[in-house]
Amino acid sequence: MAQGTPVKHKKKTKSVLKNIRQADARQAINRMNRTRVRTAMRRLRAALAAGDAAAAEKLTSPTFSELDKAIRKRTLSENTANRYKSRLALALNALKSKKKT
């Protein structure tokens, strides 16, 4: 074992144990929400990278909806989610304009 100062642990009172349970539950919910958002964004980015405007158009609404849900559930801050939406929309519009010309 490493030498040094001993690590202090909080006494395991009932309230501390309840706090730990609550933190674990929140962590699982936040991870689930964050994963759902990242998966939706990954699918949309893949469609944009492939140059498939129709698929990207179809995935835009569900992806933005997931970002809005993440804002409501406080998984993402509003500015962060809006920045993601803005960048995805710019990429989609650039792809559409490139397809027209």
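The following exercises, with worked solutions, concern a predicted model.

**Exercise 1. Determine where Asn33 lies, whether Asn33 is buried or exposed, and which residues Asn33 contacts.**

Step 1. Asn33 belongs to helix 1, which spans residues 14-50.

Step 2. The relative accessible area of Asn33 is 4%. Buried means under 20%, so Asn33 is classed as buried.

Step 3. The side chain of Asn33 forms a polar contact of 3.2 Å with the side chain of Arg36.

Step 4. When neighbours within four places in sequence are set aside, Asn33 is in contact with Lys73 and Thr75.

**Exercise 2. Describe the largest nonpolar core: its members with the most contacts, and the elements that supply it.**

Step 1. The largest nonpolar core has 14 residues, of which Val37, Leu48, Ala56, Leu67 and Leu76 touch the most other members.

Step 2. Two or more residues of this core come from each of helix 1, helix 2 (53-72) and helix 3 (78-100).

Step 3. Helix 1 makes the greatest contribution to this core, giving five residues.

Step 4. Val37 may be examined in detail. Not counting residues up to four places away in sequence, Val37 touches Glu66, Leu67, Ala70 and Leu76.

**Exercise 3. State how many salt bridges the structure holds, and characterise each pair by distance, location and accessibility.**

Step 1. There are three salt bridges in the structure.

Step 2. One of them joins the side chains of Lys96 and Glu57, with an N to O distance of 2.8 Å. Lys96 lies in helix 3 and Glu57 in helix 2, so that this pair, 39 residues apart, links distant parts of the chain. Lys96 is partly exposed at 31% relative accessibility, and Glu57 is partly exposed at 40%.

Step 3. Another pairs Asp68 with Lys85 through their side chains, at 2.6 Å from N to O. Because Asp68 is in helix 2 and Lys85 in helix 3, the pair ties together parts that are 17 residues apart in sequence. Asp68 counts as partly exposed, at 29% relative accessibility, whereas Lys85 counts as buried, at 16%.

Step 4. A salt bridge also forms between Lys69 and Glu66, whose closest N and O atoms are 3.9 Å apart. The assignment requires a separation within 4 Å. Lys69 and Glu66 are three residues apart in helix 2, and therefore about one helical turn separates them. Lys69 is partly exposed, at 31% relative accessibility, whereas Glu66 is buried, at 15%.

Terms used. Residues numbered from 1 in each chain as written. Predicted model: local features only at pLDDT ≥ 70, side-chain atom pairs only at ≥ 80, totals over all residues. Heavy atoms only, no water. Helix = DSSP H or I, 4+ residues; strand = E, 2+ residues; numbered from the N terminus. Buried < 20%, exposed > 50% of the residue type's maximum accessible area, 1.4 Å probe, protein only. Polar contact = N/O pair within 3.5 Å; in protein donor to acceptor, adjacent residues only side chain to side chain. Contact = heavy atoms within 4.5 Å. Core = buried A, V, L, I, M, F, W, Y, C linked by side-chain atoms within 4.5 Å.
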